[in-house]
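Have a look at the model first.

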Amino acid sequence: MDYILWFADEYALDVVYDSLGHLGLPVLERNQILRQFCSLTCLSAFGTYSLYMLFSTLSFYLFFDKRQMNHPRFLKNQIQQEVKMSTDAIPFMGLLVSPIFILEVRGHSLLYENVDEYGWIYWVFSVFLFLFATDFGIYWIHRGLHHKSVYATIHKPHHKWIVPTPYASIAFHPIDGWLQSLPYHICIFLFPMHKFLYLALFSIVQIWSVLIHDGEYFTHDPLINSAAHHTVHHLYFNYNYGQYFTLWDRIGGSYRKPDEEVYNVELRSTKKVYAKQAQEIDAITATLQSKAKH
């Protein structure tokens, strides 16, 4: 984030803060923590919103199976609701994550600039380390958010979308979105990563979040937590918590293989399949409500 912050300061934010000085307000220097906090909060919100709208819109028009909008559990005006929840949450998620970004730009992370410092072999290895570590962290955080003590307050808003569209990718309660982003931020304090590689992976993460909500099943690979697996999660709640892979779900006993009807483009949009899914959803909901009462 230090490069992004420098670029924003150099070509936009210096003018903004100088103009505040002309209004009689204190002029904040680039290295002042208050200015960095304000700048990073705004940059984080702007970047998240831009990526979200760009890739969600592309995914919706290029990949999303519009027939899923005929599903009986697809809500009236759902897309507008998904976008509203996302845009309402984004500024608060930016606010929550800014303290971590401040630690990063002030040099307290293990990010590095020169590839030669660790070599190309480690550079490649760090990609797999990032994916492995963050997938592990998100699995347990996501699973924890399904615990009855916090589910209704924090994570249930995201499960309003039983048949999600790509616009549901960050339609979270802001604390939910922040908690599930923590592994991506924490990892750079645990092991070294090249700055530009980290920025690229951090951006790809958001694109991946869009893709697993788009209802387009490009792969049947049982090891990849694809859109099919995440569809199962939204339909049936307590399965497939992972982000990229199914490894931790298999280890944690929460893996559920998508039914063949999920992959079958023609079959999955039939009234018979809708009725079957609705029946199981109602049964699971009744069980969860009963457990919550006890």
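F7 and Y11 sit four residues apart in helix α1, so about one helical turn separates them. Helices here are DSSP runs of H or I with at least four residues, numbered from the N terminus. This is a predicted model, where local features need pLDDT of at least 70, side-chain atom pairs count only at pLDDT 80 or more, and totals for chains, interfaces and linings use all residues. Residues are numbered from 1 along each chain as its sequence is written, and side-chain values use heavy atoms, with hydrogens and water left out.

How do you describe two rings together? You use the distance of the centres and the angle of the planes. Rings of Phe, Tyr and Trp (its six-membered ring) pair if their centres lie within 6.5 Å; planes under 30 degrees apart are stacked, over 60 edge-to-face, and the rest tilted. That rule gives 22 aromatic pairs.

One of them is Y3 with F196: the centres are 4.8 Å apart and the planes at 20 degrees, so this pair is stacked. Y3 belongs to helix α1 (residues 2-22) and F196 to helix α7 (residues 195-211), so the pair ties together parts that are 193 residues apart in sequence. Y3 is partly exposed, at 31% relative accessible area (buried is under 20%, exposed over 50%, partly exposed in between, with a 1.4 Å probe and protein chains only). F196 is partly exposed too, at 47%.

Back to F7 and Y11: their ring centres are 4.8 Å apart with planes at 45 degrees, so that pair is tilted. Y11 counts as exposed, at 58% relative accessibility.

Elsewhere, Y52, F60, Y61, F64 and Y167 form one aromatic cluster.

Definitions and conventions. Helices (H or I, at least four residues) and strands (E, at least two) are DSSP runs, numbered from the N terminus.
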